[in-house]
Amino acid sequence: MIRFTQVSVVHGDGDGADPVLGPVDLTVPEGELCLVVGPSGAGKSTLLGTVSGLVPHFTGGTLRGRVTVAGRDTRHSRPRDLADVVGTVGQDPLAHFVTDTVEDELAYGMESLGLPQDTMRRRVEETLDLLGLADLRDRPIATLSGGQQQRVAIGSVLTTHPRVLVLDEPTSALDPAAAEEVLAVLQRLVHDLGTTVLMAEHRLERVVHHADRILLLPAPGAAPVLGEPAAVMARSPVHPPVVALGRLAGWDPLPLSVRDARRRAAGLREELTAHTPPPAPAPTRQAPLLTVRRLAVRRGRAEVLRGVDLSVRPGETVALMGRNGAGKSTLLRTLVGMHPPAAGSVELAGADGGAAPVVPHRTAPGRLLRHAGLVPQDPRDLLFAETVAAECAAADDDAGAAPGTCRALVTRLLPEVRDAVHPRDLSEGQRLVLALAVVLAAAPPVLLLDEPTRGLDYAAKARLVDVLRALAGRGHCVVLATHDVELAAELAHRTVVLADGEVVADGPTAEVVVASPAFAPQVAKVLAPQPWLTVPQVRAALNGRGGTA
Amino acid sequence: MPAPGPLARLAAPQATRSNALHAGAWWLWALGLAAAASRTTNPLLLALLVTVAGYVVAARRTDAPWAHAFRFFLLLGAFVVVLRVLFAVLLGSPIGGTRLLFTLPEMPLPGWLESVRLGGRVTGEAVMFAACDGLRLATLLICLGAANALANPARLLKSLPGALYEAGVAVVVAMTFAPQLVADLLRLRDARRLRGRRDRGVRALLGVARPVLEGALERSVALAAAMDARGYGRTAEVPRAVRRTTTALTLGGLLGVCAGSYGLLAAEGAGLGLPLLAAGLLAALGGLLLGGRRSARSRYRPDRFGARAWLVAGAGAAVAVLVGLASAADPLALNPPAVPLTAPAFPPGAAAAVLLGLLPAVVAPRPAARPAAPAAKEAPA
């Protein structure tokens, strides 16, 4: 269906520059769900672009070799002329929509192809049913949830009956439930319609067991590997926790889903009965840095938060979990004074514990900065300058810190970033760490992060975990709102679950997370009922055999 | 429940996508009312026109964002009337009049500003004339506001001829971009607070302008890529002769329109102006229609101009024509003289004609119930 013949892509006109991709020489057969995996910057998006024709027609650069899709050479066909064989959906569905209602959006691609009216009518009805969108047909797209929007985006390219569907990180921005919605639809397309799906994704724990085949791009310019999922995962530098556990235990073939892993885990569970995970560090007796009492927040007439109690001590890391719209972001924003409480109180500890407590919404932004810092969902929002150096200088200025403070932080966290780079040209992970450094320039004891692992690959995530652990070790307290159960399991001492603006669970991560299947990390699911959360815990226990009996 | 009689079958159905009234019909209706308003300064008739437009809007508007803009047009109308009266009071008015209300101190102006007066006598006649004149303009605006509230702008653009289609898409995209831009602006202003900077004032706004524009630019590039990949701008092969004819017709037509309008407005050559303008318009229209052949697009569920649409448009046209006839037949009633000051008479014939404008409130499909309504219906009675 898709054939790459000696394909490589080079930026610019290609003299002497290192290739972004390739050489790639392989064939993706018809009717398969092929997953493209690899670390950031390995050329996943570029590879997908060559299939839809956006590379090189839209992005520039030089394409060598030949890509054919259903027999058509993408070099000679522009993306618009490939629209009837390739459907493309990106990470941000909002950047995909041309019209304003669901039904018009589904019809748009067919209108462009000039299909007759009765065909369009029939296909729109079929697609509405296939994707479960029939109830939403007249709704304005802007009012839909993230998962619904992503389904509309997929539907809008399906109506032209493409033979190939190209998806660039379709679930990265979604919460787990919405991601399941989208993956179920893809599964159905592959099984019922025989569509060939080519999909890149960072969140492998969500998708790897759906794939028929995996295309691994190990590094920029390195030779790609295409093969059976288990075989490729055995050597992939990026892999989900269940694969890491399988590799650790030496299982062959590697399990890709929790179900497969549980079947083979009996021996491992037996071996681990002799050990217990290291107990969570006892909470310090120091005064809390952050105290929330009976907090209620209203937006308009809606009560977004109700009766929330929370206190966080120095050195503690707390994960806030819960579905989209549960009030996680609102709570974080209230902690930095963006919403005044409708009832209850929020207090941050005063400087050096001695002074009077600080009430966020009554404190000037310039002063509040030294007590609490928030890294918003999109770190780009926090970056205003045109170079990393200018951004750091501005951050020192804002925080009243000695010149060079922020730059020193950036150098420690991101040694490879140069001064003259534009913040928008950094990778997602680098940008997040830059925003973190900007916030840290004022050395706030309370550090808040909203959805920090969005769009990060495993390497960037591991680095973030290291950075946050070090900060907690130095007496900061960290509160992070996240959907990423693996991150919470690895990092958080305590987990707080919000639902409909109320706290429904608050306790040590191991207890909260294992008690609920929705929030349990893969390792906990495999090794239940034993309370193991992460692969490093298991590895430590197995290495120090006979340690803690 | 009795079987629906013939009248019930004629009653307006609930609006769905298939029977939605053509957006053009609403505009024709509103333009008819506006044309009628332009023929009269009788405040009673103008008030009746505003009431008719307002009633139809109240009866047939949807819950869409543009439908809520009608209130804004009402406020704009009130503002126009107040402004017009204020100018008449401050700057004086050519209407003389004998009923002195009060006298403002007159400001002496240099000789070269002889024709302008500041302050001075304010008469009842002058204020009344200004108020009626302002009310006429306000009524025109409110009629346009009614069309704006009732017709879906996106659907109106979809009814454009094929050659103008891409311009229509650009407008729709811009309309969805604007709210996103505002949301970005608010979000980035919040983010300024996180950096410890002030989030109010002009400097704060300027500080976020560049990142907001950068974000918008990134999004437009992504959208352009998505649109291209979805087949935007695919063209059909068109014979060379047709292409050339299209260009010739369009260019020639536009030239004709220019020359014709010049002829109409200039002192001499008015006889040549009208035919030139008509020929130019026809040629340009032909060019547009031929140009549509280059685009291979088809249309999904286009709005049909059905019987109900004809009735709505016809109601507007009837109001315009009948009020026009009435103003010719009885100019004193429809344009009461400013001097002497009298209470305006109520012209029953013209008023009956204006009431015809209520027809859409009966024949246009009823908008679907608001989301809350079905729940209320299910509640035990």
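Which residue in the turn of the hairpin formed by β11(A) and β12(A) has a positive phi? I began with this turn, keeping in mind that the model is predicted, and found that Gly300(A) has a positive phi of about 65°, in a hairpin with 2 residues between β11(A) and β12(A).

**Entry 1: around the hairpin**

I recorded another pairing of β11(A), with strand β14 (residues 343-348) of chain A, which is antiparallel and extends over 5 bridges; in β14(A), Ser345(A) is the bridge partner of Arg293(A).

**Entry 2: the sheet of 4 strands**

I traced an open sheet of 4 strands in chain A, whose order is β2-β1-β4-β5 and whose pairing is antiparallel. The edges are taken by β2 (21-28) and β5 (72-73) of chain A, each of which has a single partner strand, so one side of each is left without a neighbour in the sheet.

I next took up an open sheet of 6 strands in chain A, with mixed pairing and the order β6-β7-β8-β3-β9-β10. Here β6 and β10 (225-227) of chain A stand at the edges, and each has a single partner strand, so one side of each lacks a neighbour in the sheet. The twist from one strand to the next averages 15°. Within this sheet I checked strand β3 (residues 33-37) of chain A, which runs parallel to strand β8 (residues 196-200) of chain A and is joined to it by 4 bridges; Val36(A) stands opposite Ala200(A) in β8(A). Helix α1(A) packs on this sheet too, touching β3, β6, β7 (164-168), β8 and β9 (213-216) of chain A, with a direction at about 150° to that of β7(A).

**Entry 3: where chain A meets chain B**

How many residues does the contact take from chain A and from chain B? I noted 62 residues from chain A and 48 residues from chain B. The area buried between the two chains is about 4800 Å², and carbon and sulfur atoms give 50% of this area. Arg80(A), Glu111(A) and Phe384(A) supply 16% of the area that chain A buries against chain B, more than any other three residues.

I then looked up the polar side of this interface and found 15 salt bridges across it, as well as 24 residue pairs in polar contact. The side chains of Glu103(A) and Arg301(B) meet in a salt bridge at 2.5 Å from N to O. Elements of chain A that each supply at least two residues of the side touching chain B include α3 (102-113), α4 (117-130) and α5 (146-158), and α3(A) gives the largest share, 10 residues. By class, I recorded 33 nonpolar, 12 polar and 17 charged residues on this side of chain A.

Key. Residues are numbered from 1 along each chain as its sequence is written. Chains are lettered from A and ligands numbered from 1 in the order in which they are written. This is a predicted model: local features need pLDDT of at least 70, side-chain atom pairs count only at pLDDT 80 or more; totals for chains, interfaces and linings use all residues. Side-chain values use heavy atoms; hydrogens and water are left out. Contact means heavy atoms within 4.5 Å. Buried area is the accessible area (1.4 Å probe) that two parts lose on being put together, summed over both. A salt bridge is a side-chain nitrogen of Lys or Arg within 4 Å of a carboxyl oxygen of Asp or Glu. A polar contact is a pair of N or O atoms within 3.5 Å; within protein, one must be able to donate a hydrogen and the other to accept it, and residues adjacent in sequence count only if both atoms are side-chain atoms. Ala, Val, Leu, Ile, Met, Phe, Trp, Tyr, Cys and Pro count as nonpolar, Asp, Glu, Lys and Arg as charged, and the others, Gly among them, as polar. Two strands pair if DSSP finds at least two bridges between them. Axes are lines fitted to C-alpha atoms, for helices over the stretch in contact, and angles run from 0 to 180 degrees between N-to-C directions.
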